[in-house]
Amino acid sequence: MDARIRLLDLSYSQLTELFAQWAEPAFRAQQLWTWLYRDLATNFAQMTNLPQALRTRLANEAVIDLIQPIVELTSADGYTQKFLFRLRDRQTVETVLMGYHRRRTVCISTQVGCAMDCPFCATGQAGFARNMTSGEIVSQVLFAARRLRVRQGPAHTPGSPSERGITNVVFMGMGEPFVNYQPTWQAVEKLTDPRGFGLGARHVTISTVGIIPGIEKFAQEHLQVNLAVSLHAPNDELRNRLVPINRRFPLGQLMDACRQYQRLTHRRITFEYALMSGVNDAVEHALELAQLLRGLTAHVNLIPLNPTAGSPLRPTTRAQVRAFREALERQGIPATVRIGRGLDINAGCGQLREVNAGAPEALLPGAFL
Ligand code: SAH
């Protein structure tokens with residue numbers, strides 16, 4: 001077994017401890033951290049301000065875990081890129097890089113597969129394999145940042161180019177972040193650390209299926225990270241079917257947790273609602289949803305369902321999406337419709353992996369950059 005230290009799995013304080021054990025001065029830990037997260041270094045030879053002896057020791061005893069894409073696709077409009085990565089144990093996860101509105105947003109996975117079993121979701125249909133480590137989670141972002149060929153770091157970093165790299169990170173890929181809480185939160189701390197990647201906490205969003213203990217813990221965190229909750233139904237009867245974990249964390253308790261979160265953080269919550277034809281998209285559902293959200297500072301993100309091979313559910317028509325949104329807005333609930341981005345490259349949750357299950361080693365066709 002490879003016993004080398006996986007550097008991207010370490011927090012800043014763990015790295016400092018390691019260097020203390022190695023009898024290296026503390027500022028060396030900061031130098032290495034900056035190489036990893038700001039300069040996006042991929043090997044120790046690049047780290048020219050570290051003494052040669054330390055670089056050699058790192059090369060022998062540690063490793064920078066680089067994830068390699070086995071499939072890369074670019075949407076026809078060129079604004080969305082999707083990657084299927086193979087991890088060390090040959091498991092695969094998906095990452096999406098989107099560039100629009102002067103933002104470069106990367107959508108990352110937190111688990112290999114998902115155990116939440118939502119019937120409309122391709123990841124859920126494929127089942128759960130394992131949690132990802134915090135290093136695996138951040139390495140998706142580092143990979144995407146390298147693609148942009150710009151150094152990272154806070155905007156005010158001396159010498160940093162005016163052009164920014166990754167501007168936003170959303171935890172909306174495969175898996176449920178709040179059932180892999182610790183590695184997910186460690187990834188957030190690394191990405192927002194001003195000594196390294198330097199992302200503003202407000203530019204990070206975590207999406208949860210509604211794991212109440214996770215929301216409660218998240219409400220206590222010191223960073224102002226955004227929360228999105230995947231609702232998809234306005235009552236327990238319907239939500240039990242569409243989001244089965246609702247049986248354990250029913251809507252009444254979920255809304256109480258959201259209200260408590262808002263009391264503590266004063267932050268707006270985004271509620272995601274995938275519109276499925278004839279299932280949850282009637283105007284009555286919109287009215288029920290407005291009732292449910294009353295008293296919260298909420299924003300509803302309406303997503304016309306991305307159809308999947310494993311489910312007969314179909315997206316709502318444009319006209320009905322509009323009727324639904326207008327009904328919400330008449331009730332004073334702001335709502336936007338998320339445009340289907342990268343539909344031509346299976347950019348919906350879990351869909352690229354589904355198509356490439358059992359894919360050969362070689363890269364599959366697609367547009368490569
Ligand atoms: N487990 C987390 C994050 C993963 S998915 C969560 O549930 O929030 C990010 C969003 O995409 C969720 O709102 C999820 O319900 C939604 N989603 C999954 N499959 C979809 C599909 N086929 N069409 C539209 N939205 C989908």
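**Exercise 1. Ligand contacts**

A polar side-chain atom of Ser230 is 2.5 Å from an oxygen atom of the ligand. The model is a predicted one.

Solution. 

**Exercise 2. Helices H10 and H11**

Task: classify the packing of H10 and H11 by angle and by handedness, and list the residues that meet.

Solution. 

Step 1. Two packed helices are described by the angle between their axes and the distance between the axes.

Step 2. Helix H10 spans residues 283–293 and helix H11 spans residues 318–330; their axes come within 9 Å and cross at roughly 30°. Because angles under 35 degrees count as roughly parallel, H10 is roughly parallel to H11.

Step 3. The crossing of these two helices, H10 and H11, is right-handed.

Step 4. On the H10 side, the residues are Val283, His285, Ala286, Leu287, Leu289 and Ala290; they meet Gln320, Ala323, Phe324, Ala327 and Leu328 of H11. This contact of H10 with H11 comprises nine nonpolar residues, two polar residues and no charged residues.

**Exercise 3. Helix H6 and its partners H5 and H7**

Task: describe how H6 packs with H5 and with H7, including the residues in contact.

Solution. 

Step 1. Helix H5 (residues 134–148) packs with H6 at an angle of about 45°, the axes being 8 Å apart. H5 is therefore oblique to H6.

Step 2. H5 passes H6 in a crossing that is right-handed. Ser134, Gly135, Ile137, Val138 and Val141 of H5 meet Pro183, Thr184, Gln186, Ala187, Lys190 and Leu191 of H6. By class, the residues of this H5 and H6 contact are six nonpolar, four polar and one charged.

Step 3. The axes of H6 (residues 181–192) and helix H7 (residues 212–219) come within 12 Å and cross at roughly 35°. The crossing of H6 with H7 is right-handed.

Step 4. Tyr181, Gln182 and Trp185 of H6 meet Gly214, Lys217 and Phe218 of H7. Three nonpolar, two polar and one charged residue make up the contact of H6 with H7.

Definitions and conventions: Residues are numbered from 1 along each chain as its sequence is written. This is a predicted model: local features need pLDDT of at least 70, side-chain atom pairs count only at pLDDT 80 or more; totals for chains, interfaces and linings use all residues. Side-chain values use heavy atoms; hydrogens and water are left out. Axes are lines fitted to C-alpha atoms, for helices over the stretch in contact, and angles run from 0 to 180 degrees between N-to-C directions. Helices (H or I, at least four residues) and strands (E, at least two) are DSSP runs, numbered from the N terminus. Angles under 35 degrees count as roughly parallel, over 145 as roughly antiparallel, 65 to 115 as roughly perpendicular and the rest as oblique. A crossing is left-handed if the near helix is turned anticlockwise from the far one by less than a right angle, and right-handed if clockwise. Contact means heavy atoms within 4.5 Å. Ala, Val, Leu, Ile, Met, Phe, Trp, Tyr, Cys and Pro count as nonpolar, Asp, Glu, Lys and Arg as charged, and the others, Gly among them, as polar. A polar contact is a pair of N or O atoms within 3.5 Å; within protein, one must be able to donate a hydrogen and the other to accept it, and residues adjacent in sequence count only if both atoms are side-chain atoms.
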